[in-house]
Amino acid sequence: MTDWPNDARAAVAFTFDFDAEEVWIGEDPANADRPGILSQGTYGAKVAVPLVLELLRRREVRASFFIPGRVAERHPGRVEEIAAAGHEIAHHGYTHTSPTKLSREEEEAELVKGREVLEGFGVEVRGYRSPSWDFSDHTLSLLETHGFAYSSNLMDDIRPYRHDGSSLVEVPIQWILDDAPHFWFDPSTWTKKISTVEEVRSIWEHEVLGIVDLGGAAILTCHPQIIARPGRVGFLEEFIAFVQSLDEVWVATTGEIAELAS
Ligand SMILES: [Zn+2]
């Protein structure tokens with residue numbers, strides 16, 4: 001059992017994968033020339049991130065933002081605002097490409113370039129979340145070689161742990177606490193229903209309460225372009241308030257949670 005600070009029973013982190021246009025280009029490189037498709041990601045930078053930052057400020061929460069290097073290059077002002085608000089900034093690829101689609105050399109180049117871009121904003125980048133949460137055979141050793149403190153990619157636990165024979169900490173996630181499976185919609189998924197916030201509220205509250213009961217760490221993964229649609233952003237704020245109302249829950253960044261297991 002992890003010992004949480006301040007006599008807390010459990011930890012919760014609010015994390016945001018600021019994918020903007022890159023997630024669409026990652027899905028299909030031809031999307032780079034499709035302004036309509038890309039505009040779904042542009043909403044993330046143009047409208048959604050300011051809404052998320054404002055509600056985090058109101059709720060006095062520090063969150064973790066996982067940002068692809070190319071998003072930071074395209075929207076530097078937004079990254080400056082995220083950093084200025086005191087949130088953690090972590091690595092989410094240079095492009096939004098799964099490591100499983102890259103050679104070892106390409107993966108290493110993405111790791112180095114992505115971190116270089118983010119550290120250009122004057123922040124220390126200690127965590128890595130792969131685009132798609134997928135690992136290649138090389139990911140763990142590359143993260144260790146390049147001195148990353150933690151990964152937030154695997155689904156095999158509800159508490160942070162150290163990878164065998166490594167100083168690298170894993171901060172586990174799960175699709176159930178991700179907004180994308182519930183809300184994601186694109187033209188290739190016409191038959192998929194978009195969930196209501198009531199359904200997602202129920203799923204998330206049950207999962208968080210279950211993790212709290214077991215003394216674990218609940219890592220919520222949201223995407224500004226998905227969670228900060230006008231009909232959902234109020235729900236996100238209510239959900240954060242719900243977590244803050246729970247007794248003995250430590251709300252922290254993923255980096256702070258990782259430190260406890262290091
Ligand atoms: Zn992503």
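A residue is called buried when its relative accessible area is under 20%, and exposed when that value is over 50%. These two words are used throughout this report on a predicted model.

**Helix α8**

Helix α8 covers residues 197–213, which makes 17 residues. From its first C-alpha to its last it reaches 24 Å, close to the 24 Å expected at 1.5 Å a residue. Its buried residues are Val 197, Val 200, Trp 204, Val 208, Ile 211 and Val 212. They lie on the same side of α8, because they cover an arc of only 100° around the axis. An α-helix has 3.6 residues a turn, so residues three or four places apart point the same way. On the other side of α8, Glu 198, His 206 and Asp 213 are exposed.

What covers the buried residues of α8? Several elements do, and the table lists some of those included in the cover.

| Element covering α8 | Residues |
|---|---|
| β1 | 10–17 |
| α7 | 180–183 |
| β8 | 217–222 |
| α9 | 224–227 |
| β9 | 249–251 |

Helix α10 is also part of this cover. After α8 comes Gly 215, which has a positive phi, near 75°.

Helix α10 spans residues 230–245 and holds Glu 237. Is Glu 237 buried or exposed? Its relative accessibility is 17%, so Glu 237 counts as buried. Leaving aside residues up to four places away in sequence, Glu 237 touches Leu 55, Arg 58 and Arg 59.

Arg 159 sits in the loop between β5 (150–151) and β6 (161–162). A polar atom of the Arg 159 side chain lies 2.4 Å from the backbone oxygen of Leu 214. Arg 159 and Arg 115 are 44 residues apart along the chain, and their C-alpha atoms are separated by 26 Å.

**The zinc site**

Which residues provide the protein donors of the zinc ion? They are Asp 19, through two OD entries, together with His 92 and His 96, each through NE2. These donors lie 2.1 to 2.4 Å from the zinc ion. Along the chain, the donors follow the spacing D-x72-H-x3-H. Both histidines, His 92 and His 96, are buried.

The angles among the 4 donor atoms run from 55 to 135°, and the site is irregular. Four donors count as tetrahedral if all angles lie between 85 and 135 degrees.

Notes. Residues numbered from 1 in each chain as written. Predicted model: local features only at pLDDT ≥ 70, side-chain atom pairs only at ≥ 80, totals over all residues. Heavy atoms only, no water. Donors = N, O, S within 2.8 Å, 3.2 Å for Na, K, Ca; no water. Tetrahedral: all angles 85-135°; square planar, octahedral: opposite > 155°, others 65-115°. Buried < 20%, exposed > 50% of the residue type's maximum accessible area, 1.4 Å probe, protein only. Helix = DSSP H or I, 4+ residues; strand = E, 2+ residues; numbered from the N terminus. Contact = heavy atoms within 4.5 Å. Polar contact = N/O pair within 3.5 Å; in protein donor to acceptor, adjacent residues only side chain to side chain. Expected span 1.5 Å × (residues − 1). Arc of directions from axis to C-beta.
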